[in-house]
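Subject: Structure for your review

Dear colleague,

My notes on it follow directly after.

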Amino acid sequence: MSSFIWFILIGLCAGFLAGLIMKGKGFGFIINLLVGIIGGVLGGWIFSFLNIHIFSGIIGSLISATVGAIVLLFILSLFKKK
């Protein structure tokens, strides 16, 4: 149960960071946080697919989740109506 809570917290932080990094590409605070949670899964998949092993633990999870959230925000911004 505690690992699930950490997963959610790291995803929320990653979404917040991705929203800051991708200025103007975000969808608002709440959606960016949800994107961070989904980005955590995407980031883990991207890093394992590329066989990249970064720091373990919370910092490594935060980095991979943030990268995943940035990628997801970029993809979503391609479909965002202007």
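Among contacts (heavy atoms within 4.5 Å) between residues at least 6 apart in sequence, 74% join residues at least 24 apart. Before the details, two remarks on conventions are in order. The model is predicted, and local features need pLDDT of at least 70, side-chain atom pairs count only at pLDDT 80 or more, while totals for chains, interfaces and linings use all residues. Residues are numbered from 1 along each chain as its sequence is written, and side-chain values use heavy atoms, with hydrogens and water left out.

Overall form

The protein has 3 helices and 0 strands, in the order α-α-α from the N terminus on. Here helices (H or I, at least four residues) and strands (E, at least two) are DSSP runs, numbered from the N terminus. The C-alpha trace spans about 40 × 30 × 15 Å along its principal axes. The radius of gyration is 12 Å, which agrees with the value near 12 Å for a compact globule of 82 residues; this radius is taken over C-alpha atoms, and the globule rule is 2.2 Å times the number of residues to the power 0.38. Of the 82 residues, 33% count as buried. Buried means under 20% relative accessible area, exposed means over 50%, and partly exposed lies in between (1.4 Å probe, protein chains only).

For each helix, the expected span is 1.5 Å times one less than its number of residues.

Helix H1 covers residues 2-21. Its 20 residues should span 28 Å at 1.5 Å a residue, and its end C-alpha atoms are 28 Å apart, which agrees. Buried in H1 are Ile10, Gly11, Ala14, Gly15, Ala18 and Gly19, and these buried residues pack against H2 and H3. Leu9 also belongs to H1, but Leu9 is partly exposed, with a relative accessible area of 40%. From Leu9 to Gly19, 10 residues apart in sequence, the C-alpha to C-alpha distance is 15 Å.

Helix H2 covers residues 29-49. With 21 residues, H2 reaches 29 Å from its first C-alpha to its last, close to the 30 Å expected. H2 bends by about 30 degrees at Ile38, the bend being the angle between axes fitted to the seven residues ending there and the seven starting there. The buried residues of H2 include Asn32, Gly36, Gly39, Gly40 and Gly43, together with Leu33, Val35, Ile37, Ile46 and Phe47. They pack against H1 and H3.

Helix H3 covers residues 57-79. Its 23 residues reach 34 Å between the first C-alpha and the last, close to the 33 Å expected. Gly60, Ser64, Ala65, Thr66, Gly68, Ala69, Leu72, Leu73 and Ser77 are the buried residues of H3, and they pack against H1 and H2.

The nonpolar core

Which residues make up the largest nonpolar core? A nonpolar core is a set of buried Ala, Val, Leu, Ile, Met, Phe, Trp, Tyr and Cys residues joined through side-chain atoms within 4.5 Å. The largest one has 6 residues in all: Ala18, Met22, Val35, Ala69, Leu72 and Leu73. H3 supplies the largest share of this core, 3 residues.

The aromatic pair

Rings of Phe, Tyr and Trp (its six-membered ring) pair if their centres lie within 6.5 Å; planes under 30 degrees apart count as stacked, over 60 as edge-to-face and the rest as tilted. By this rule there is 1 aromatic pair. The ring centres of Trp45 and Phe49 are 5.2 Å apart and the planes lie at 15 degrees, so the pair is stacked. Both residues belong to H2, 4 residues apart, about one turn of the helix, and both are exposed.

The loop between H2 and H3

Asn51 lies in the loop between H2 and H3. Its phi is near 60 degrees, a positive value in a residue other than glycine. Asn51 is exposed, with a relative accessible area of 56%. Leaving aside neighbours within four places in sequence, Ile54 is in contact with Phe47, Gly60, Ile63 and Ser64. The C-alpha atoms of Ile54 and Ser64, 10 residues apart along the chain, are separated by 8.2 Å.

With kind regards
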